[in-house]
Amino acid sequence: MADWGGDRTRRDVLKGAVAVGGAAALSACLEETGDEPVPAGPEDLSSLPARQHAWNGRVRTDDHGNTLLPRHQVLLYLTLPDGGSPSAEDRETVESALRTLDRAYERSSEGLLHSIAYSPRYFDRFDGDLPASVDLPEPRALSPFESPAFDRQDALVHLASDRADVVLAAEEALRGNESTANGRAMDASLTDVFEVADRRSGFVGAGMPAERQDGLDGIPESNPVPEASPLFMGFIAGFRQNQATEDHVTLSTGPFAGGTTKHVSNLRMRLDDWYGEQSFEDRVAEMFSPVHADEGLVEGVGENLGDDSGVTPEIVDGIDAHARRFGRVGHAQKAARANREADGTVRTLRRHFESTDDGEAGLHFPSLQRGITTFEEVREAMNGTDLTDEPTIRQRVNNGILEYIFVKRRGNFLVPPRALRALPTPTGETPGL
Ligand code: HEM
């Protein structure tokens, strides 16, 4: 538990609170923000979107219309202690806890965004199979150079807010440690049904990585992460034109229509050479493409790019020629090869955020897409194994950002539509509700 005493400033308290979690972190946070009201949610829940993953219309955007994800985020991995099928009472408990959150907090960055998703292993307990419309394999290693642990817990709750006290209070309420959430009585908590198997936390937004970099494993001692960067690696990600729309990642048929699939990986970063050996141009080349570096397309953290990373079809198609000419290829350029439908539509909606879990610079990488296979294809393209015919390009060197990122965990989940969020069967029913 962190020491909240001494002369910690408000900034320090808020900085560490979500990573630490728990009652002490919450009360320290509330001392700082307690008198600032949090907007409540609606009484009539029919005004909420049918999709749990409908976040884009409820978060801040920048001047270019790019969505800015909530600054504080928590992932709670949950297991059902009993092997059997959930009962009607279990479903009522889960629905009640989530419904109270819906009413307690406005569904927005100023209030709370949340979702619950279920793993293939969760669905295995039932007699029937998931329908063909749901592409949800067990997680597996997605590159020849990784050996991740697999997240096979039953469920994953994702909490996100611009306010640290809100994610912490919602978490404490779901865990049964607080009897109210934003002044609203919790009639049930998720821990009446689930056990919390793991808790992970993170943040995203300009300034947040820089103010957390000091002394962190994976960050060089010179503390090079720019103040303006939302991510440890020094650039903006998630430009509007390079993200799938929520419509595109949403299942359109079958019993889970209105839902989506979510792959969540957890990576650690080692940025000594990223910042120590590489110039700014080198970093631009490896993050975006060598053309971006050659033509000076990126300034600072990349705000000048507007709403598009500048990875054009020509840059994607020219990757082999760039490998020969520049001796390296870019991360975005590589991934984009598999991230477009035939008509050019972007396939994945990435919602990654940074982390200091385990005292190291890390990243939680939720990606939404219509089927998990899509994510696997995009990751394979990012591996760039096919590009290593060129002698200067090795599996992890001069090959985008692979030299600096290490996959620790992977998990696959189905995010059902809101109507089916409480312990659904594989055929899309919630008996007893
Ligand atoms: C530390 C880790 C990572 C950082 C800092 C990072 C950063 C970036 C940046 C700056 C871009 C270009 C801007 C944009 O389009 O958003 C990008 C694009 C992209 N990245 Fe990453 N990324 C990371 C890891 C990953 C991982 C693990 C994947 C998994 C497949 C991935 C998939 C993609 C995809 C699909 C694109 C868009 C390419 C396109 O279709 O235009 N990234 N990333």
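Predicted model: local features only at pLDDT ≥ 70, side-chain atom pairs only at ≥ 80, totals over all residues.
**Ground rules.** Local features need pLDDT of at least 70 and side-chain atom pairs count only at pLDDT 80 or more, while totals for chains, interfaces and linings use all residues. Residues are numbered from 1 along each chain as its sequence is written, and side-chain values use heavy atoms, with hydrogens and water left out.

**Overall form.** I looked up the secondary structure and found 14 helices and 14 strands; helices (H or I, at least four residues) and strands (E, at least two) are DSSP runs, numbered from the N terminus. I noted that the C-alpha trace spans about 65 × 55 × 35 Å along its principal axes.

Which residue gives the iron atom its single protein donor? I found His-331, through NE2, 2.0 Å away. Donors are N, O and S atoms within 2.8 Å of the metal (3.2 Å for Na, K and Ca); water is not among the atoms, so sites may look incomplete. His-331 belongs to helix H13 (residues 331-336).

**The shell.** I found 26 residues around the ligand, where near means a heavy atom within 4 Å. The closest are Gly-238, His-331, Asn-339, Arg-340 and Arg-350. Strand S10 (260-269), H13, strand S13 (362-369) and helix H14 (372-383) each supply at least two shell residues.

A polar backbone atom of Gly-238 is 2.6 Å from a ligand oxygen. A polar side-chain atom of Asn-339 lies 2.8 Å from an oxygen atom of the ligand. For His-331, a side-chain N or O atom is 2.8 Å from a ligand nitrogen.

Note on methods: Polar contact = N/O pair within 3.5 Å; in protein donor to acceptor, adjacent residues only side chain to side chain.
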